[in-house]
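Morning, everyone. Please have a look at the structure first.

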Amino acid sequence: MPTRTLRIPTPDGQADAFAAFPGHGERHPGVLLYTDVFGVRAELEEKARELARHGYYVLVPNLYYRHGPAPVREIPAHIGHEIRPAVVAQLMPLVEAHTTERALRDADAYLAFLAAQPEVGAGPVGVIGYCMGGVLALRTAAAHPDQVAAVAGFHCGNLVTDAPDSPHRLVPKIAAQVHLGHAENDMTAEAVGELDQALDAAGIGHASEIYPGTVHGFTMSDTDAFNPSALQRHWDRLLSLLGRTLTNG
């Protein structure tokens with residue numbers, strides 16, 4: 001399974017990124033994968049490899065590249081409950097610096113980079129996000145409805161807020177099919193209902209479901225939140241979504 005460490009030109013510098021793709025010398029649908037708060041690491045690289053095994057070119061950018069190459073902060077091999085708050089706290093300044101304006105500039109660069117790769121087909125792409133990456137995935141799809149055909153978010157936060165540009169308010173701009181897999185503690189029932197209402201009103205193909213018995217971070221095997229059965233459910237939903245929406249162009 002070929003992998004590469006790449007440098008992506010952006011308006012603000014060079015973003016380092018990890019890419020995995022099939023090694024058959026053919027063109028494959030592109031997938032942009034946004035990480036959770038802990039960033040690019042072995043866990044996310046393995047997810048990219050797994051998707052590549054199913055026939056996709058997967059790009060995993062370092063969201064914090066403005067502060068240095070990944071890992072920008074040292075991340076423990078396993079993020080247990082007892083250390084998670086401290087690890088998140090040291091990353092929060094990086095998260096707060098990653099404004100919506102910066103995220104959208106980066107999305108332009110990432111999608112342009114994907115389209116230019118000789119291994120990537122000419123058709124639309126999929127965008128996936130975990131945790132805070134789910135917000136970025138929805139923003140990217142809303143900003144590029146002609147390029148993004150599939151959006152998936154897992155154990156996401158802040159999808160429904162009071163902000164004028166809250167992700168749930170962007171749904172009418174999205175032309176992609178959407179799957180959102182929530183942990184039981186990700187959002188209130190009222191917030192999930194408001195999100196579902198926005199998706200229904202937009203008239204796009206979607207699924208928004210709570211994965212039973214899960215807590216925030218359930219797909220990540222390097223955390224105490226990991227839930228193996230929920231991870232498999234995530235793969236089933238994700239591969240089905242990508243399989244029916246993406247082609248080689």
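One term before we start: buried here means under 20% relative accessible area, and exposed means over 50%. Keep in mind that this is a predicted model.

Let's take helix H7, residues 228–245. It has 18 residues. At 1.5 Å a residue, H7 should span 26 Å, and its end C-alpha atoms are 26 Å apart, so the two agree.

Which residues of H7 are buried? Ala 230, Leu 231, His 234 and Trp 235 are among them. Further along come Leu 238, Leu 241, Leu 242 and Thr 245. Look down the axis of H7: the buried residues fall within an arc of 145 degrees, so they line one face of the helix. An α-helix has 3.6 residues a turn, so residues three or four places apart point the same way.

What do the buried residues of H7 pack against? One partner is a helix, H1 (42–53). The strands are E3 (30–34), E5 (125–130), E6 (148–154) and E7 (177–182). Now turn to the face of H7 directed away from the buried side. That face carries the exposed residues Pro 228, Ser 229 and Arg 244.

On to the cysteines. How many disulfides does a search of the whole structure find? The count is 0. Cys 131 is in no disulfide, and its nearest cysteine sulfur belongs to Cys 156. A disulfide here needs the sulfur atoms within 2.5 Å.

Are these cysteines buried or exposed? Cys 131 counts as buried, at 11% relative accessibility. Cys 156 is buried too, with a relative accessible area of 2%.

Definitions and conventions
Residues numbered from 1 in each chain as written. Predicted model: local features only at pLDDT ≥ 70, side-chain atom pairs only at ≥ 80, totals over all residues. Heavy atoms only, no water. Helix = DSSP H or I, 4+ residues; strand = E, 2+ residues; numbered from the N terminus. Expected span 1.5 Å × (residues − 1). Buried < 20%, exposed > 50% of the residue type's maximum accessible area, 1.4 Å probe, protein only. Arc of directions from axis to C-beta. Contact = heavy atoms within 4.5 Å.
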